Amino acid sequence: MKKRRSTETAPEAGAEQLRTALEQVSREQALPSSGNELILLEIDPHRAHVCWNIDPAQARGGQPLVLRVFDVTESGDAGQASQAFDVEVQGLQGRWYLDLWRDNRTFVTQLGYREADGSLAVLAQSNEVSTPPAEPAEAVAAGGHTDPNGNPLHTDWPGDRVEVASAATPAATEAVAAPVPSVSAPEPMVIEPPVTVLDPEFPLTDWAARSATPSVASAPEEPVSAPVTVVPAAGAVDAAGSDETSVEVSTETQPAVLAAGDAAVAFDDDVMSGPAAAFPDAEALASAVQENRGAIDAFYEAMETRAEAAGVPVSESTGPAPVHPPAPVQEAARSEPAIGTPAPLEQVLGLSSLEHPGRDVLLEVNAELHIYGRSKPNTELTLYGQIVKTRPDGSFSVRRPLPHGAVILPLLYTQQGNGQAEV
Amino acid sequence: MPNGYLCLVLHAHLPFIRHPEFPEFIEERWLYEAVRECYLPLVRVLQARRAHPAASRLTVSLSPTLIAMLDDPMLRSRVRRHLERVVRFAEREVKRTGADPASAWHPLARFYAVLAEQNLATWDGLGEGGIVDALVELEQRGHLELITTCATHAFLPIWKRHPEITRRQIMLGARMFERRVGHPSAGFWLPECGYYPGLEKFLEEWGIRYFFLESHGVLHARPKPPDGVFAPVYCPNGVAAFARDPASSQQVWSARTGYPGDPEYREYYRDVGTELPLEALIDLFPDADLTPATGFKYHRITGSGEQKAPYHPGRAAERAAEHARDFLAKKAAQVAPSLHAMDRPPVVVAPYDAELFGHWWFEGPLFIEALLRQADVQREVAMITPSDYLALHPSGFEGVPSASSWGARGYHEVWLNDATAWMYPHLLRAAERSARLEASASDKLPLVMKRRLLAQARRELLLGQSSDWPFMMNANRHTEYAEKRVRDHLTRFYWLADALEQGAVQEDKLRAIEAADNVFDAELLG
């Protein structure tokens, strides 16, 4: 029974030397980048996740990359696939959720540039994925597939409407966008391209300039050495039809408080009442700003603290002095742990079935805002005064509950360099 | 013959967290808490049955990382240090509450003092073999069946296209189990119940006869299984897939009707550490400034309001026995209608994380004890293990289970989402390089050094593949730590790979990496 083996154990006395050596390895060893790469991983019966990386030397400036999705369930390979659809993607490196819509099928993707004849100049090909069945065997009608709501999808899958010209030249996106009208057919499905996947080399200022939607970031400049204000793009929610709202990051100078209030109102109208017919008047603005006063105060308080810590003088014009003290984050920490504090055991163990006992809730509905993007290395981001963790590749992703009323979500970007902090 | 069977399965697992580079490390506390609140009480409950015939049995899966930590001398000394500190804290609490001996708090403080002494005594009494040997002995006496899982708890569906990763995870899990427990594992806990069709072929290579799936993994099998979750589906290669019973999950964990929400049970969220000044805690709980959790909780759930009544351990224990009786009655009622519709008695599979019993649900070990005891004396539902079932029913309905997991929404998104996706391309690239490492090692290195570097590179890759890191990132809990772990294992892997291929090794750094990530010895790694 007892065949226990113990491997070598470091003496605790050597902890410091050990720490130094380990830190050196972590600091000095870089993670290698890849060449052209396209990785496809299934998530559930209807979705997959796609990651790609394309060598910049092979990029065609100004032309979007196209992800071509093949259903290879019967054929076994993309060259023989009878069905395909295209999704345009942005950035030479990125990742995205891919709606596949069909359960119990096998897919493969190619990434490249679409030629004039519709064929794809392939730069990378993915592995295959197989989506699991969404229903018990007997519930699946022959040839029928359903979306997550149980609606039949067979005639609405984008690839169904694509005539593949040949194995080497699959059809282009235009075919997807132009389904044959039919009285009895369901509404044509719109393929939403990923809109916020960023090229890692892409300067943040250019990123802001790419935005198709005007926002405070493009408002007239004021002589303010203001920190970055990040504002939900006013039209993004409406355009995308999704709760995954794009946000802009700008290093442009900003009109501070009023601009933030403006955006908050516009954003609020879009979300809560549909697209605003006209920009809110001054009274509505003032009301919204007043409503959001606590948030604004907390933001500028945090901004001042951060600027002081970074040795950056805070201009008087960056905003009014706080009227109220900032939110009591520290006091709240005991009952509701702040980010970074240790979690109870069950919150880190994969206890998927865990629910809070004793809470009698008939219906609880919440919404959240998903803010994500990428920053340059060695930057520090704060959202609403809280540090936003960037991942090793510079990307970040934050989810926040979406409260009722006007909302300001100030994102502060700080880059350290040459002993100076660029805010 | 009983009307049906109940398989209670406890999955015991913690990620490999061991930091010799720090005298105290906050995330190591999860091991201390699990030992004190879950594993030691479970061992006591089961050891109390040693004198009786092993009529009712349960199944326990022991993860290789947990075994490695429970056997590790450094972590063992730190666990003991924690248990001693709890004893000292209990003495303080007895003294503090003794100022008003008539209050409800003083008897509770004495209750915790007894418990703390008991934990320390149990730990010391188990000796060097510790909790693992205790469970092995209980298995030999017939009270339970031990099974294994993946080496570092990798979520295997992510690695579907990389059979060498899957093979290594399963191979090490099987080999470590056999060496430590003394026999091959008949069953396999797929981490997070993550499955894809074809995975059973890798399990078969190690003689595995069964594994567990979330309910829809069996319900969506092709062709459709006629007995739903009440009988395993036998894969084409004969390996059996048992389905988790959704009703058993609900009865234990439902927010509205689950047992742990009973007003008599101990309130989880009210720890005395949140009410005491920091200076009363910090010497015994060094992370108390961040999380003042002592495990000393003086209130019962009482109700949904903020006002909580004092906890009464005796009444809570009685309630645990009542709930065990109720659970067993519900299983009997569940299987009765299917009895005559099936060609064999239905089997209800109830798998849970072992760490929930005792930590989250304080009375959980008492529930298990009462369940086993009550099952011993009735004839409707027999508590058996999957191996017992397969001995009775070695074959049955053949089908191909469906890809699934027991994570939220039933598939992969807990482990593959925008918080976690960044790590997979890196891990895949590292795995691809690892496959070439042996052939590309520099001839300048002596064979012994080559082996050391290769073995350590494999350890780093395995540790980076743990499903615990993406789980923590997804839950936004200890995200920074989880990301650092993945990044550190990757950078260490590449450092080792470069050293191996370039033939230049900095010995001090190699020794540091070996000392820090010492899971699985070289012989086991192969």
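1. Two helix axes can be compared once each is drawn as a line fitted to C-alpha atoms, over the stretch in contact, with angles running from 0 to 180 degrees between N-to-C directions. Helices here are DSSP runs of H or I with at least four residues, strands are runs of E with at least two, and both are numbered from the N terminus. The model is predicted: local features need pLDDT of at least 70, side-chain atom pairs count only at pLDDT 80 or more, and totals for chains, interfaces and linings use all residues. Residues are numbered from 1 along each chain as its sequence is written, chains are lettered from A and ligands numbered from 1 in the order in which they are written, and side-chain values use heavy atoms, with hydrogens and water left out.

2. Start with H1(B) and helix H3 (residues 73–97) of chain B. Their axes come within 9 Å and cross at roughly 70°. H1(B) and H3(B) are therefore roughly perpendicular (65 to 115 degrees; under 35 is roughly parallel, over 145 roughly antiparallel, the rest oblique). From H1(B), the contact (heavy atoms within 4.5 Å) takes in Leu31(B), Tyr32(B), Val35(B), Arg36(B) and Leu40(B). H3(B) supplies residues including Leu75(B), Arg78(B), His82(B) and Val86(B). By class, this contact of H1(B) with H3(B) has eight nonpolar, one polar and three charged residues. Nonpolar covers Ala, Val, Leu, Ile, Met, Phe, Trp, Tyr, Cys and Pro; charged covers Asp, Glu, Lys and Arg; the others, Gly among them, are polar.

3. H1(B), residues 29–47, also packs against helix H11 (residues 364–376) of chain B. The axes come within 9 Å and cross at roughly 25°. That makes H1(B) roughly parallel to H11(B). Glu37(B), Pro41(B), Leu42(B), Val45(B) and Leu46(B) of H1(B) meet Pro365(B), Ile368(B), Glu369(B) and Leu372(B) of H11(B). Seven residues of this contact are nonpolar, none polar and two charged.

4. Now look between the chains. Helix H1 (residues 15–28) of chain A packs on helix H16 (residues 479–502) of chain B, with axes 9 Å apart and an angle of about 85°. H1(A) and H16(B) are therefore roughly perpendicular to each other. Leu22(A), Val25(A) and Ser26(A) meet Asp488(B), Thr491(B), Arg492(B) and Trp495(B). The contact of H1(A) with H16(B) has three nonpolar, two polar and two charged residues.

5. Check Leu437(B), in helix H13 (residues 423–440) of chain B. Leu437(B) counts as buried, because its relative accessibility is 0% (buried is under 20% relative accessible area, exposed over 50%, partly exposed in between, with a 1.4 Å probe and protein chains only). Leaving aside residues up to four places away in sequence, Leu437(B) touches Leu454(B), Ala457(B), Phe493(B), Ala497(B), Leu500(B) and Glu501(B). Glu501(B) is 64 residues away along the chain, yet the two C-alpha atoms are separated by 7.5 Å.

6. How many disulfides does the whole structure hold? A search over all chains finds zero; a disulfide would need a pair of cysteine sulfur atoms within 2.5 Å. For Cys193(B), the closest cysteine sulfur is in Cys150(B), 12 Å away and too far for a bond. Cys193(B) is buried, at 0% relative accessibility. Cys51(A) is also buried, at 6%.

7. Last, chain A overall. Chain A has eight helices and 16 strands. Of its 423 residues, 45% are buried. Among its contacts between residues at least 6 apart in sequence, 69% join residues at least 24 apart.
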